[in-house]
Amino acid sequence: MSATTSGAAVFATPAAELKPNGHRHQAEKRESCCYFQMPLHYPRYKKRDYETMPEWKLDCLLKEYGLPVVGDVNQKRDFAMGAFLWPSENK
């Protein structure tokens, strides 16, 4: 739909077509492989937590932040510590 006001085109979009953020795209499905939503909080684990964290928990953490989940458990630990710990905490 469009209307003209003082020579300028104004486009009206029915509210039913808009997502809560104002976009017209269809709602994404959570089952989709490409769905990502930034987590609300930064992880608060210490280095010793990452060193003892089971692989399944590392996988969940990395997936939650949209990071690659590849390699063996030690590579995942090193990657998580590099991504989430401040340099002073990663000594």
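**Rings and helices**

Reply: Start with the rings: one aromatic cluster is formed by Tyr42, Tyr45, Tyr50, Tyr65 and Phe84. This is a predicted model, where local features need pLDDT of at least 70 and side-chain atom pairs count only at pLDDT 80 or more, while totals for chains, interfaces and linings use all residues. Residues are numbered from 1 along each chain as its sequence is written, and side-chain values use heavy atoms, leaving out hydrogens and water.

Me: Why is the aromatic pair of Tyr50 and Phe84 called stacked?

Reply: Rings of Phe, Tyr and Trp (its six-membered ring) pair if their centres lie within 6.5 Å, and planes under 30 degrees apart count as stacked, over 60 as edge-to-face and the rest as tilted. Tyr50 and Phe84 sit 6.5 Å centre to centre with 10° between the planes, so the pair is stacked.

Me: How do you know that Tyr50 is buried?

Reply: Its relative accessible area is 0%, and buried means under 20% (exposed is over 50%, partly exposed in between; 1.4 Å probe, protein chains only). Phe84, at 6%, is therefore buried by that rule too.

Me: What makes α2 oblique to α3?

Reply: Helix α2 (residues 55-64) and helix α3 (residues 73-84) pack at an angle of about 45°, with their axes 10 Å apart. That makes α2 oblique to α3, because angles under 35 degrees count as roughly parallel, over 145 as roughly antiparallel, 65 to 115 as roughly perpendicular and the rest as oblique.

How values were computed. Axes are lines fitted to C-alpha atoms, for helices over the stretch in contact, and angles run from 0 to 180 degrees between N-to-C directions. Helices (H or I, at least four residues) and strands (E, at least two) are DSSP runs, numbered from the N terminus.
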